[in-house]
Amino acid sequence: MVNLLSAGFLRLWRSRSFWVCLGVMAGVGVFEAVSGWRAMMDFRSSGVADAIVSLDSRYFIFPFLSGILLSPFCALFTGAEYSDGTIRNKLSVGHTRAAVYFSNLVLCVTAGILFCLGYIAAVLAAGFPLLGPMRTPFPVVLWYTFCAVAMTSALAALFTMIAMLCQSKAITAVICIFLAYFLLFLGIYLNNRLSEPETYPEQQYVQDGQIVTAAAHPNPNYVRGGKRAVYQFLYDLPGCQAVQLATTIDTGAPPRLPLYSLAAVLLSTGSGILLFRRKNLK
Amino acid sequence: MRNLLSANLLRLRTSMLFWGCLILMLLLGAGFTLQRYWEQIAYAEFGQLSYLDEVLFRHGLLIGIVTALFVPMFFGIEYSDGAIRNKMVVGHSRLSIYFANLITAAASSLAFCAAYILAVLALGVPLLNGVRLTAAQCALLMLGTLVLSAAFSALYTFVAMLCARKAASAVVCILGVFLLLFAGIYISARLSAPEFLTEYSIADDGQVVEEEPEPNPQYPRGLEREVYQFLYDFLPGCQSIQYGDMSAENPALLAAYSLIILTVSTGAGAALFRRKDLK
């Protein structure tokens, strides 16, 4: 296992796709900080009093990106083991299938965490001097970061399972990328549905210079009962969590999110190893 | 060239990927139509009506994604199986191979669009209200979306023919189309920002007073707005967003830009493919 990991890390440091993904994460981090600063300058030049774009709004973006970049990385990095025949070599020199699986899982999770850290380092390095310190309390930032890293690890475990069970690198890449986007869009959709108000409250609006009052009425789009429980469960899944994390910055992410991520890691890794042990590697 | 095309079409007919994408577009067309129908029922008490044209041109939004999946996977096999070298060995020129693949890709994307439209018409005509656009507007929008799908096909054929690794070309095409779509969403949000911000206040006598409008600092002006507008009309992902939310004001211009993309990418792709080392 130690030998597999040391060989894997050596390959990781030399992997072009790893450095490209890390570069993209860091680049987006710098871009977000600079675009925030530009927006702040625009506001100030227009004479808007106390125009401030907080570093917080730029910091909390990385969970959206980490899964999307991790999907092609895991597919290409792990898929190369099949296309180059490395997996058979590893097995023929005596490594167990479980050890091969775990070493790839550790590498993908490490890459995912490094992608997150790449963004965090870049956005803080560029954003701190341009936008000032963060306003969210440090423990909340730390908890958010922990939840986001746990979610990224869960996605890494999911992508590793797909990459280890599918021998075609191209098919793996397509499945992983579409899955990452699907989970993200599902999260956006579920957030919209779950945040629908149960009733529309009494509203006052201006019509022809007069204040008009509209009575409260029930919202037909509100999700109720078992359907709401299913939606909430899906919303807690890794991938969808990225949206939930972004919408709970002020209140703090629910403690169940890292537990769901842990459950996703255990389930995907357990089933992945079981299936990989029975897989015909040709 | 004719032999290449007929071989490609034969392969297309037996390709599970092709039929899978075709069925996906059918299901998406049916899904969007039924969604609008259910919304119409749910909001019936508020008098909301759903119209056929709200979903009829939405394939413009989807075709870039589905073709990004299909083209690199379908033509990537030519490299991985060595079919390209075989074609050249039996005497076909590189240009004819490139153009045969381009035509096949464009024909496939048009078939995907047709599947979507068919599903929308089959369900939408009996379930939804009619089309609010004139026949000329409908024809222009339809032409625009079809030329856009051909432009997407040309871009993906460019990538698939120049990148010998199927996985890499699939990653480039799929990530590329999502990047273009997100660029479209971003530019759309910037362009639709209001030029002036108006605030209201309530006077002592209870009357609503409209404050003097102030310029919105987030509203792009001058050259910046022109650049955004050009990119919004030119980039295929931005065109997709315009067709998807039915905000395309000048489909003829968009179609002209799509033709330019098709011509330039095909010209560059064919020129580079002629010099490519196929190993």
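The model is predicted, so local features are kept at pLDDT of at least 70 and side-chain atom pairs only at pLDDT 80 or more, while totals for chains, interfaces and linings use all residues. Residues are numbered from 1 along each chain as its sequence is written, chains are lettered from A and ligands numbered from 1 in the order in which they are written, and side-chain values use heavy atoms, with hydrogens and water left out.

Start with the holes. Rolling a probe the size of a water molecule over the atoms shows where empty space is left. Here that is done on a 1 Å grid over the protein atoms alone: a cavity is a set of points where a 1.4 Å probe fits but cannot get out, a pocket is an open set with protein on both sides within 12 Å along at least five of seven lines, and lining residues have an atom within 4 Å of a point. Points are joined across faces, edges and corners, and a volume is the space filled by probe spheres set on the points.

The structure has 1 cavity of 30 Å³ or more, and the volume of the largest cavity is about 70 Å³. Its lining includes Pro63(A), Phe64(A), Met151(A) and Leu183(A). Helices here are DSSP runs (H or I, at least four residues), numbered from the N terminus. In chain A, H4 (62–83), H7 (138–165) and H8 (169–194) each put at least two residues into this lining, and H4(A) gives the most, with 4 residues. Sorted by class (Ala, Val, Leu, Ile, Met, Phe, Trp, Tyr, Cys and Pro nonpolar; Asp, Glu, Lys and Arg charged; the others, Gly among them, polar), the lining comes out as 9 nonpolar, 2 polar and no charged residues.

The second largest pocket has a volume of about 1,800 Å³. Of the 37 residues lining this pocket, Phe185(A), Tyr189(A), Leu28(B), Phe32(B) and Gln35(B) lie nearest its centre. H8(A) gives the most to the lining, with 11 residues, and helices that supply at least two residues also include H2 (16–42) and H4 (59–80) of chain B. By class, the lining has 27 nonpolar, 5 polar and 5 charged residues.

Now for the packing. Two packed helices are described by the angle between their axes and the distance between the axes. Axes are lines fitted to C-alpha atoms, for helices over the stretch in contact, with angles from 0 to 180 degrees between N-to-C directions. Angles under 35 degrees count as roughly parallel, over 145 as roughly antiparallel, 65 to 115 as roughly perpendicular and the rest as oblique. A crossing is left-handed if the near helix is turned anticlockwise from the far one by less than a right angle, and right-handed if clockwise.

H8(A) and H9 (residues 225–235) of chain A have axes that come within 10 Å and cross at roughly 140°, which makes H8(A) oblique to H9(A). Their crossing is left-handed. Contact means heavy atoms within 4.5 Å, and the residues of H8(A) meeting H9(A) include Tyr189(A) and Arg193(A). This contact divides into 6 nonpolar, 3 polar and 2 charged residues.

In chain B, the axes of H1 (residues 2–13) and H6 (residues 94–127) come within 9 Å and cross at roughly 40°. H1(B) and H6(B) are therefore oblique to each other, in a right-handed crossing. Their contact has 6 nonpolar, 5 polar and no charged residues. H1(B) also packs with H4(B), at about 120° with the axes 12 Å apart, and that makes this pair oblique. Asn8(B), Arg11(B) and Leu12(B) are the H1(B) side of this contact.
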